Amino acid sequence: MGGIAKEPGGRPHHVTVGAVLLAAGAASRMGYRPKSLLTLDGVPLIRRQLGALTGAGVDEVVVVLGHHADPIEAAILGLAGTRVRNPDPDAGHIASLHCGLLALPARVDVVLVALADQPLIQAQDIRDLIRAYNQRPAGTQVVQPMVAGLPGNPVLFSADVRNQILAGGVQMGCRQWQLAHPEQVHAWATENTAYRTDVDTPEDIEALALRTGHRLKWPAEGA
């Protein structure tokens, strides 16, 4: 169950939500170690993200792999969702996004793009985002969480935006679409810092531990 929204006539209808979970990067700033395999309380971050998405009732999940694909895929064995591999992960974030968008079924009404290295995102945070999308101002097609005036993730957008991003070619990603259509972006203000918390460097791991008490560990370090 993705969520419930209302048609223009006021009748409720089901909104089908599809998620693209990006986990294709090389993690160069983390010493080329796969960030999504960092563990929190013994659980790899990518498994936590998948649990948050499915726990929130997201209907379709596509995991985009590239660098480190084999160990990441092994870590999520048995979990729901479609796996796709970016054949050229060095082409960057937009190429991976396009791989995920193409793999989502056509029936999806809303697309949620999530990052595999956000340790604090939980199912309730996803549900809150979907609710914000359902309640967005008329004429907007993207919901971008904003924490203290700064953009966070995940981001949600309509199927129409998905089609426009794909039609825009290799230079068109979600950020580029938002810059081109600012009037169609709802900046959803929230105090939830989970939307702004990710880990790109070893220093980010230390900062997270100092700020929250949550200590991320590499698999070899144990729980």
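**Around Pro 151**

Analyst: Pro 151 sits in strand E10, which covers residues 150-151. The model is a predicted one.

User: Is Pro 151 buried, partly exposed or exposed?
Analyst: Pro 151 has a relative accessible area of 43%, so it is partly exposed, the class between 20% and 50%.

User: Which residues does Pro 151 contact, leaving aside those within four places in sequence?
Analyst: Gln 144, Pro 145, Met 146 and Arg 196 are in contact with Pro 151.

User: And where is Gly 81 relative to Pro 151?
Analyst: The C-alpha atoms of Gly 81 and Pro 151 are separated by 27 Å, and the two residues are 70 apart along the chain.

User: What about the peptide bond from Asn 153 to Pro 154, cis or trans?
Analyst: That bond, from Asn 153 to Pro 154, is cis, and its omega is near 5°. Pro 154 belongs to the loop between E10 and strand E11, the latter being residues 155-158.

User: Let's zoom out. How many helices and strands does the chain have?
Analyst: There are seven helices and 12 strands in the chain.

User: What is the radius of gyration, and what would a compact globule have?
Analyst: The chain has a radius of gyration of 17 Å. A compact globule of 223 residues would be near 17 Å, so the two agree. As for the box filled by the C-alpha atoms, it is roughly 55 × 35 × 35 Å along the principal axes.

User: How many of the 223 residues count as buried?
Analyst: Of the 223 residues, 50% count as buried. The chain exposes about 10500 Å², and 53% of that is supplied by carbon and sulfur atoms.

User: How many charged side chains, positive and negative?
Analyst: The chain has 19 positive side chains and 21 negative ones. The centres of these two sets lie 4 Å apart.

User: Since it's predicted, what does the pLDDT look like?
Analyst: The average pLDDT of the chain is 93, and 93% of the residues score at least 70. Residues 6-12 have a pLDDT below 50. Beyond near neighbours in sequence, that stretch has seven contacts in the model.

User: Back to single residues. Where is Leu 21, and is it buried or exposed?
Analyst: Leu 21 lies in strand E3. Its relative accessibility is 0%, which is under the 20% cut-off, so Leu 21 counts as buried.

User: What does Leu 21 touch beyond four places in sequence?
Analyst: Its contacts include Ile 46, Gln 49 and Leu 50. Val 62, Val 63 and Val 64 are also among them, as are Ala 114, Leu 115 and Ala 116. Arg 47 is 26 residues from Leu 21 along the chain, and their C-alpha atoms are separated by 11 Å.

User: And Val 15, buried or exposed?
Analyst: Val 15 counts as buried at 6% relative accessibility. It is found in strand E2, residues 12-15. From Val 15 to Pro 87 the distance is 31 Å, C-alpha to C-alpha, and they are 72 residues apart in sequence.

User: Now the loops. Where is Gly 25, and what does it touch?
Analyst: Gly 25 is in the loop between E3 and E4. Not counting residues up to four places away in sequence, Gly 25 touches His 67 and His 68. At 48% relative accessibility, Gly 25 counts as partly exposed.

User: What is the phi of Tyr 32?
Analyst: Phi of Tyr 32 is near 60°, a positive value in a residue other than glycine. Tyr 32 is in the loop between strand E3 (17-23) and strand E4 (39-40). It counts as exposed, at 54% relative accessibility.

User: And the phi of Asp 41?
Analyst: Asp 41 has a positive phi too, near 55°, and is a residue other than glycine. Its place is the loop between E4 and strand E5, residues 43-44. The relative accessibility of Asp 41 is 62%, over the 50% cut-off, so Asp 41 counts as exposed.

Terms used: Residues numbered from 1 in each chain as written. Predicted model: local features only at pLDDT ≥ 70, side-chain atom pairs only at ≥ 80, totals over all residues. Heavy atoms only, no water. Helix = DSSP H or I, 4+ residues; strand = E, 2+ residues; numbered from the N terminus. Rg over C-alpha atoms; globule rule 2.2 N^0.38 Å. Buried < 20%, exposed > 50% of the residue type's maximum accessible area, 1.4 Å probe, protein only. Areas by Shrake-Rupley, 256 points an atom, 1.4 Å probe, with all protein chains shown as cover. Lys, Arg positive; Asp, Glu negative; His and termini not counted. Charge placed at Lys NZ, Arg CZ, Asp CG, Glu CD. pLDDT = per-residue confidence, 0-100. Contact = heavy atoms within 4.5 Å.
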